[in-house]
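Have the model open as you read.

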Amino acid sequence: MFIVSPSILAADFSVMGAEIKKVEKAGAKYIHLDVMDGMFVPNMSFGAPVIASVRKTSSIIFDVHLMITEPQRYIDDFLKAGADIITIHYESCEDPLSVIRYIRSKECRAAIAIKPATPPEVVYPMLKELDMVLVMTVEPGFGGQKMKPECLEKVRAIRTYANENGIDIDIQVDGGLTPDNTKMATEAGANVIVAGSAVFNAPKAKVVIDQMKRASELYPFGSGLGERVDVGKVRKRG
Ligand code: DX5
Ligand code: ZN
């Protein structure tokens, strides 16, 4: 299933709830929530209390991207805040797999993100225990950057490895995605597209999301998470 996950980082934070409603209406299945701590990345955004607060405004799937050091310290907070998918960075802690196992033990989807310099092979041994891999296509920390096309080779490598080993996994790309380069990303094997500025800075979010959907039509990878079931309660993994 192909999914567009608009990144809230490019939205107007003073009306976050309304911004989420807008992209939901425009056809987005996820909202991508970028959490930055000023340590793992040289920028700060928001934390679990803000997510808990906007959780009340929408039942869209909350795709939470943690760009924070030692994320294990805060997993419970993000679970409680209503995250449906929690992504941690491979580079952010000693033992990412144990954090992934913890997240999944709480019936939440779990993903590993890799920065542009991290090789794809690091995720291979964990692939069976992941719901999604996030391949960063820019250096994490800021929205509005240009996509690094060389990162798509890592998407291709992970998709090939997954296919060869019979693993059905979602591959997300994040950073500089636009309707023009979505086809390149989906052709490489991505099926979840994060887009901040492309969606929120457009006069009509629906036009951009529809263009991205069309660009993906030939490449049906990954299963994706469908609708959210029970807001605030146990999440269903399907
Ligand atoms: C960057 C964040 C991205 C960012 C994407 O570190 O992880 O999610 O908001 O924004 P665009 O689509 O503008 O590159
Ligand atoms: Zn992100």
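Axes here are lines fitted to C-alpha atoms, for helices over the stretch in contact, and angles run from 0 to 180 degrees between N-to-C directions. Helices are DSSP runs (H or I, at least four residues), numbered from the N terminus. This is a predicted model, so to speak of local features takes pLDDT of at least 70, side-chain atom pairs count only at pLDDT 80 or more, and totals for chains, interfaces and linings use all residues. Residues are numbered from 1 along each chain as its sequence is written, chains are lettered from A and ligands numbered from 1 in the order written, and side-chain values use heavy atoms, with hydrogens and water left out.

| Pair | Axes come within | Crossing angle |
|---|---|---|
| α6 (residues 179-188) and α8 (residues 205-215) | 8 Å | roughly 30° |
| α5 (residues 152-164) and α6 | 8 Å | roughly 30° |

With angles under 35 degrees counting as roughly parallel, α6 and α8 are therefore roughly parallel, and so are α5 and α6. In α6, Pro179, Thr182, Lys183 and Thr186 meet Val208, Gln211, Met212 and Ala215 of α8, where contact means heavy atoms within 4.5 Å. On the α5 side, Leu152, Val155, Arg156 and Arg159 meet Met184, Ala185, Glu187 and Ala188 in α6.

As for the nonpolar core (buried Ala, Val, Leu, Ile, Met, Phe, Trp, Tyr and Cys residues joined through side-chain atoms within 4.5 Å; buried is under 20% relative accessible area, 1.4 Å probe, protein chains only), the largest has 68 residues, and Ile86 and Ile88 touch the most other members.

Conventions:
Helix = DSSP H or I, 4+ residues; strand = E, 2+ residues; numbered from the N terminus. Parallel < 35°, antiparallel > 145°, perpendicular 65-115°, else oblique. Buried < 20%, exposed > 50% of the residue type's maximum accessible area, 1.4 Å probe, protein only.
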